[in-house]
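I opened my notebook for a look through one protein chain. Here is what I looked up.

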Amino acid sequence: MAARLQDYQNRVNDALELALSNSDTPLRLAEAMRYSTLNAGKRIRAALVYAAGEAVNAPLACLDKVAAALECIHAYSLIHDDLPAMDDDDLRRGKASNHIAFDEATAILAGDALQTLAFELINAPGSGLSDRQSRLITHKLSVCAGQTGMVGGQMLDMLATEQNLNRAALENVHRRKTGALISASVVCGALCADKLKDSQLDSMQNYAEKIGLAFQVIDDVLDIEASTEQLGKPNGADQALGKSTYPGLMGLEASKQLAQTLYQDAVASISAIGDNSAQLVELATLVVSRDH
């Protein structure tokens, strides 16, 4: 899997480099966008786009645009999450957060620009996507990133500070804040296929929901167990901010077991797709076994 993941990372990095090379962009804005997007992150969301697309024989050229779009949305969300008015983090991916490296106004605008760039990539002439595919992918990504998905989840997460959420409420926050964009990665990758069966899409959706929640459970665990150097951001930040987390609700061991159960359910949900789903299985394994 390591070699395949590296290939996915290289492809999306090339696509992002091209997308962020528009000479008409004001220089400082371009620098801020590139700072938080290039040469950074594990590219898990991009890898899920590629793995899901390859599982249903989607063209790689189409997947490049969609993978880059998902990484743009993810980068924008991190820039805004780190702002003083949100999670107020000074460190991201092992370096100064965007608003520290530049300033708050530039960081806000860089996030705004990355968000809109994502939809430009999906809908631009030459994307390789049909009009129907572009429309479906745009709709899926906008819903997952918007008021009922990632942004709504961030709002709920902020409202939950210093609150004792029950498990259902905590799951609702994390399915939106983290799980929604991971779900979009899988489904949008699958939608790049020329011929996609409803049963395949259903399997992908089930996989995505399970692995998206597992990702956040492991994030909560790592916030306690991993070092700042491993995480590339301050460890213990969730606890310091009074965030509701799975270890806080269930304990560490029960949280780890929940992640394993979600992993097993995710893998089982795509078994019917066949041998082409091997990369999705490997990525699910990576999600629950990572140390940062």
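**Entry 1: the whole chain**

I note first that this is a predicted model. I started by asking what the secondary structure of the protein chain comes to. I got 15 helices and two strands.

Next I looked up the size. The C-alpha atoms fill a box of roughly 50 × 45 × 35 Å along the principal axes. Then I checked the radius of gyration, which is 18 Å for the protein chain. A compact globule with 292 residues would have a value near 19 Å, so the two agree.

How much of the chain counts as buried? I found 51% of the 292 residues. I also looked at contacts between residues at least 6 apart in sequence, and 73% of these join residues at least 24 apart.

**Entry 2: helix 3 and helix 4**

Helix 3 covers 44-55 and helix 4 covers 60-81, with a loop between them. I looked up how their axes sit: they come within 8 Å and cross at roughly 150°. Over 145 degrees counts as roughly antiparallel, so that is the label for helix 3 and helix 4. I wrote down the hand of their crossing too, and it is right-handed.

Who meets whom here? From helix 3 I listed I44, R45, A46, V49, Y50, G53 and E54. They meet L60, L63, D64, V66, A67, L70, E71 and H74 in helix 4. Sorted by class, this contact has nine nonpolar, two polar and four charged residues.

While there I stopped at N57, which lies in the loop between helix 3 and helix 4. Its phi is near 65°, a positive value in a residue other than glycine. Is N57 buried or exposed? Exposed is over 50% relative accessible area, and N57 has 60%, so it is exposed.

**Entry 3: helix 9 and helix 10**

Helix 9 runs over residues 167-190 and helix 10 over residues 198-225. I looked up their packing and found an angle of about 135°, with the axes 7 Å apart. Helix 9 passes helix 10 in a right-handed crossing.

The contact list took up some space on my page. On the helix 9 side I have E171, H174, R175, T178, G179, I182, S183, V186, V187 and A190. On the helix 10 side I have L201, M204, Q205, Y207, A208, E209, I211, G212, L213, F215, Q216 and D220. By class I get 11 nonpolar, seven polar and four charged residues.

Then I went to E162, in the loop between helix 8 (150-159) and helix 9. E162 is not a glycine, yet it has a positive phi of about 65°. How does E162 count, buried or exposed? It counts as exposed, because its relative accessibility is 61%.

**Entry 4: helix 14 and helix 15**

Here I looked at residues 252-269 (helix 14) and residues 278-289 (helix 15). Their axes come within 10 Å and cross at roughly 175°. So I can call helix 14 and helix 15 roughly antiparallel to each other.

The meeting residues are A259, Q260, Y263 and V267 in helix 14, with V281, A284, T285 and V288 in helix 15. This contact divides into six nonpolar, two polar and no charged residues.

V281 counts as partly exposed because its relative accessibility is 24%. I also looked up its distance to A268: they are 13 residues apart in sequence and 9.3 Å apart in space, C-alpha to C-alpha.

**Entry 5: one more residue**

Last I looked up S142, which is found in helix 7 (residues 131-145). At 34% relative accessibility, S142 counts as partly exposed. How are S142 and A85 separated? They are 57 residues apart along the chain, and 23 Å separates their C-alpha atoms.

Technical notes
Residues numbered from 1 in each chain as written. Predicted model: local features only at pLDDT ≥ 70, side-chain atom pairs only at ≥ 80, totals over all residues. Heavy atoms only, no water. Axes fitted to C-alpha atoms, helices over the stretch in contact; angles between N-to-C directions. Helix = DSSP H or I, 4+ residues; strand = E, 2+ residues; numbered from the N terminus. Left-handed = near helix turned anticlockwise from the far one by under 90°. Contact = heavy atoms within 4.5 Å. Nonpolar A, V, L, I, M, F, W, Y, C, P; charged D, E, K, R; others polar. Rg over C-alpha atoms; globule rule 2.2 N^0.38 Å. Buried < 20%, exposed > 50% of the residue type's maximum accessible area, 1.4 Å probe, protein only. Parallel < 35°, antiparallel > 145°, perpendicular 65-115°, else oblique.
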